[in-house]
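Subject: Structure handover

Dear colleague,

Please find the structure below. My notes on its pockets and its ligand site follow.

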Amino acid sequence: MIPMLKRIFRTGILTEPLPEGAATPAAELDRLQDEIVRILGRALTIREVDAGSCNGCELEIHALNNPYYNLEGRGIKFVASPRHADMLLVTGPVTKNMENALRIAYDCTPDPKLVVAVGDCGCGCGVAGELSGPNYASCGAIENVVPVDVRVPGCPPTPLALLQGILAAVRR
Amino acid sequence: MKLLDEAIEFTSQPGVGAPVWRGHAEDGIELHAFAAAVRRADGRMAAIWGEDRRPHGAGFRLHCVFGLNEGHAWVSLDLPAANPVYPDLADVFSAANRMQRATRDMVGIATAGGDQRPWLRHGAWPADWYPLRHDAGPGEGFPNAPSDYDFVRVGGEGAHEIPVGPIHAGIIEPGHFRFSVIGEKVLRLEQRLGYQHKGVERRFIGMDVAQGARLVGRISGDSTCAYAWAYAVAVESAAGIEVPQRALALRALMLERERIANHLGDLGALGNDAALAFGLTQFMRLKEDWLRMSDRLFGHRFMMDRIVPGGVTTDLDAAALAEMVEQCDTIGRDVKELRAIYDEHPGLQDRFLTTGAIDADLARELSLSGMGARATGMLLDGRAWRQGYEPPAPYKALGVRPITDDRGDVAARVAVRFGEIFESLRLLRALAVGLPTGPVRVDCAPTAGSGLGVVEGWRGEVLVGVELGADGRIARCHPHDPSWQAWPALEHAVMKDIVPDFPLINKSFNLSYTGADL
Ligand code: SF4
């Protein structure tokens with residue numbers, strides 16, 4: 001226990017300010033959290049759906065929960081069921097073998113819901129988007145299967161870009 | 001030359017990659033006999049894929065790669081256009097089962113007998129349409145019909161099934177797990193994968209080698225360097241190109257950085273799955289520091305598109321290397337401290353020890369490679385010398401120490417991951433100090449030919465087979481992920497454990513869905 005406590009103490013708080021344009025200083029962060037509460041009446045919950053990614057996008061979505069980005073500390077939480085979610089964070093391309101599952105997850109998410117398409121594959125742009133367009137096994141971009149509110153391009157998008165995208169969706 | 005005293009005649013593949021011998025079986029009987037000899041010699045079934053050669057006036061071709069102690073034997077077998085059938089190899093190597101079924105779904109060449117259930121084909125295209133046949137057409141517009149899958153039923157009083165997925169509870173790739181349980185005890189797990197199948201192999205056909213490099217780096221994002229390197233070796237061997245020594249060293253440097261990044265993330269997640277959130281926070285922090293350094297050094301957090309046929313795209317100067325070595329020292333100290341905390345945490349050890357165990361006999365039977373195999377005590381690491389095997393450059397000069405642990409459980413996989421972080425940190429320092437001078441890239445003008453690249457990725461052995469046409473474009477490319485062999489190992493590892501331990505056991509392997517679904 002002692003080494004653990006020592007380490008926690010020495011590590012300190014690493015959380016960084018939110019990115020430019022989304023919110024920088026603490027005041028802006030407070031405003032944003034207020035906004036989330038006002039719009040949603042509570043913290044934001046996200047269901048992540050991998051509809052056919054190369055798992056690179058997932059690595060960066062995982063990183064959102066590291067202490068530098070501290071997503072949960074900002075009142076944004078990943079949940080296990082789409083029924084508990086305000087937002088679907090979807091990576092792609094959408095494979096034909098996942099098309100039905102993605103539609104079901106979308107239908108199970110209560111209204112009003114937000115959909116954020118993640119990555120060049122999910123948005124159908126850039127090099128990766130070109131490499132993953134529709135074919136016999138793939139529907140291509142997320143928007144070809146479910147309506148999308150916000151797109152976060154990148155291959156994979158950095159955690160900062162993801163954070164910005166999630167906040168942009170909430171602002172809508 | 002002959003291998004294992006079998007009939008097939010082999011020649012050695014040129015180039016500086018891991019040793020590969022190529023041979024051609026006269027018929028299915030010869031292939032089956034060779035497979036049996038490999039099995040007797042404790043070798044492995046490394047990969048299987050098929051190819052449509054009818055445009056060349058031939059029939060179909062089956063490719064089988066076997067892992068031998070000395071290196072890899074790549075055996076091809078020609079099959080007639082009319083009735084392309086070959087003997088089932090799954091009676092020798094159970095690992096062949098899913099690969100053979102995928103080969104049938106993709107190219108339409110099938111085994112005589114054996115398991116005929118589809119694997120990658122769910123319901124998105126008809127059973128008599130094969131995406132990798134040249135006359136297949138675009139294949140768009142098929143109805144996407146939901147399909148049933150013939151899971152093996154477990155009977156008996158009180159036995160019931162728990163279906164999980166394809167969408168799982170966490171932030172993870174899709175796949176379906178069918179547990180047969182009595183109470184909380186797992187009697188059997190059967191996986192149904194293929195949800196990540198996005199037609200990657202079909203996309204390769206007709207690409208130029210530069211495009212192919214970008215696609216191969218996006219097959220499994222967590223192993224982008226391993227794939228890009230294996231692909232580069234295959235293309236360079238086909239084109240007869242020699243890569244500068246400095247490029248080889250920089251490739252190894254990226255591969256070891258990739259290994260450490262994944263082990264750091266998984267060690268954190270393993271702590272978390274055993275209810276130690278402290279571990280997740282600490283390791284995710286180290287991983288973030290690590291990825292930021294990769295970004296500073298190579299301009300990308302996962303170093304995508306940095307390894308290309310002909311060399312690497314990014315060079316490092318002395319200042320960058322010094323910065324990297326300094327970070328190796330601090331991260332090494334932190335990981336050492338965290339290892340002590342993990343080792344001495346009774347709650348954590350209670351969850352890790354004896355959970356999800358497999359033994360070396362099973363690992364051999366399943367043709368398992370990589371970290372999972374070494375965690376059963378097997379001395380199998382493509383980067384390390386062993387009797388009769390010479391590792392490829394630059395590893396042969398580095399004296400890589402393979403990390404093993406013979407317990408075979410979650411604790412062993414945790415221990416191997418810790419050990420591999422320290423060993424890779426040592427390799428990074430050695431590579432930085434001894435980095436050869438000279439260029440990092442040469443021109444890679446492709447010519448017709450074929451090659452196979454084998455790279456020891458963080459999970460295990462990544463293979464890429466490439467065939468270039470007369471126009472220098474890709475006629476066929478088959479990437480093979482070590483997860484093919486490791487998924488069945490996971491099925492065995494959860495047996496007799498309890499359902500709530502599944503996430504922990506699963507994480508200890510952390511297999512790629514996309515790498516095997518393609
Ligand atoms: S955008 Fe890039 S990282 Fe994300 S799934 Fe596509 S290829 Fe992978």
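For the residue classes used here, Ala, Val, Leu, Ile, Met, Phe, Trp, Tyr, Cys and Pro count as nonpolar, Asp, Glu, Lys and Arg as charged, and the others, Gly among them, as polar. On that basis, the lining of the second largest pocket has 18 nonpolar, nine polar and nine charged residues.

This is a predicted model, in which local features need pLDDT of at least 70 and side-chain atom pairs count only at pLDDT 80 or more, while totals for chains, interfaces and linings use all residues. Residues are numbered from 1 along each chain as its sequence is written, chains are lettered from A and ligands numbered from 1 in the order in which they are written, and side-chain values use heavy atoms, with hydrogens and water left out.

Second largest pocket

The volume of this pocket is about 560 Å³. (A pocket is an open set of points on a 1 Å grid over the protein atoms alone, where a 1.4 Å probe fits, with protein on both sides within 12 Å along at least five of seven lines; lining residues have an atom within 4 Å of a point. Points are joined across faces, edges and corners, and a volume is the space filled by probe spheres set on them.) There are 36 lining residues, and B:Leu68, B:Asn69, B:Leu380, B:Asp381 and B:Arg386 lie nearest the centre. S13(B) gives the most to this lining, with three residues. (Helices, H or I of at least four residues, and strands, E of at least two, are DSSP runs numbered from the N terminus.) The second largest pocket lies between domain 1 (10-112) and domain 2 (200-480) of chain B, because both give residues to its lining; the domain bounds come from an automatic or database assignment.

Largest pocket

The largest pocket has a volume of about 1,400 Å³. Of its 46 lining residues, A:His62, B:Gly170, B:Ile171, B:Asp273 and B:Lys507 are the closest to its centre. H6(B) contributes the most to this lining, six residues. By class, the lining holds 21 nonpolar, 14 polar and eleven charged residues.

Ligand site

The ligand is surrounded by 13 residues, the closest being A:Cys54, A:Cys57, A:Asp120, A:Cys121 and A:Cys155 (a residue is near if one of its heavy atoms lies within 4 Å). Residues from chains A and B surround the ligand, so the site is shared between chains. H5(A) provides the largest share of the shell, three residues. The shell comprises six nonpolar, five polar and two charged residues.

Regards
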